[in-house]
Amino acid sequence: MSYMKYVPTLETERLIIRPITLDDVEEFYAMDSQPEVHLYLNRSPLKSSEEAKDYIKGLLQQYETHGIGRVAVIEKATNQLIGWTGFKFIEEPMNDRINFLDFGYRYRKESWGKGYATEAALACIAFYYKNLTHIPLHASTHVDNQGSRKVLEKVGFKITDTFKFTIWDIDCYWYEREALSAK
């Protein structure tokens, strides 16, 4: 699948990071239906497997259109999808910027606090520096989301601004990363 030019399959000590497929619908739904996962997002967890399927179809469309997109994070010990991570190409204005990669992640609450988000983020950032530095990289998080802030800062992102994410009406920090160092 050449259209998936920048959709990595990566491996870390405890994780497999790979393209999301329609076979992931049920595990994706189990993760994205948890209200706690949406505490700092739009507060609207998925309500059905059909919604999860539609969400995944949107991710697959990103793979086809941009050759990039969010990827599944699989815990090796259980072979379970515990979340997603990676890059999304942003074509609509966000914080007065456009045509950049947004780095993000979302994990099942049962996997929080175990270092998985940081482990997967480090692998993705290394992939970025080998393959994607021609596209600007940013991240954002709700100002109250301490857990997400810690992950972004551990992998080298720095807060450079605050802004209102108008789609969900939430206050966010805007992050940038030094383009020259691949921490």
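Predicted model: local features only at pLDDT ≥ 70, side-chain atom pairs only at ≥ 80, totals over all residues.
Local features require pLDDT of at least 70 and side-chain atom pairs pLDDT 80 or more, while totals for chains, interfaces and linings use all residues. Residues are numbered from 1 along each chain as its sequence is written, and side-chain values use heavy atoms, without hydrogens and water.

Rings of Phe, Tyr and Trp (its six-membered ring) are paired if their centres lie within 6.5 Å; planes under 30 degrees apart are stacked, over 60 edge-to-face and the rest tilted. By this rule there are 10 aromatic pairs. In one of them, the ring centres of Phe 87 and Tyr 128 are 6.0 Å apart and the planes meet at 40 degrees, so the pair is tilted. Because Phe 87 belongs to strand 4 (residues 80-90) and Tyr 128 to helix 3 (residues 116-131), this pair ties together parts 41 residues apart in sequence. Helices (H or I, at least four residues) and strands (E, at least two) are DSSP runs, numbered from the N terminus. Phe 87 is buried, at 2% relative accessible area, and Tyr 128 is buried at 6%; buried means under 20%, exposed over 50% and partly exposed in between (1.4 Å probe, protein chains only).

The rings of Phe 100 and Trp 174 have centres 5.5 Å apart and planes at 75 degrees, so this pair is edge-to-face. Both Phe 100 and Trp 174 are buried.

Ser 148 is located in helix 4 (residues 146-154) and is buried, with 11% relative accessibility. Beyond its neighbours within four places in sequence, Ser 148 contacts Tyr 105 and Thr 141 (heavy atoms within 4.5 Å).
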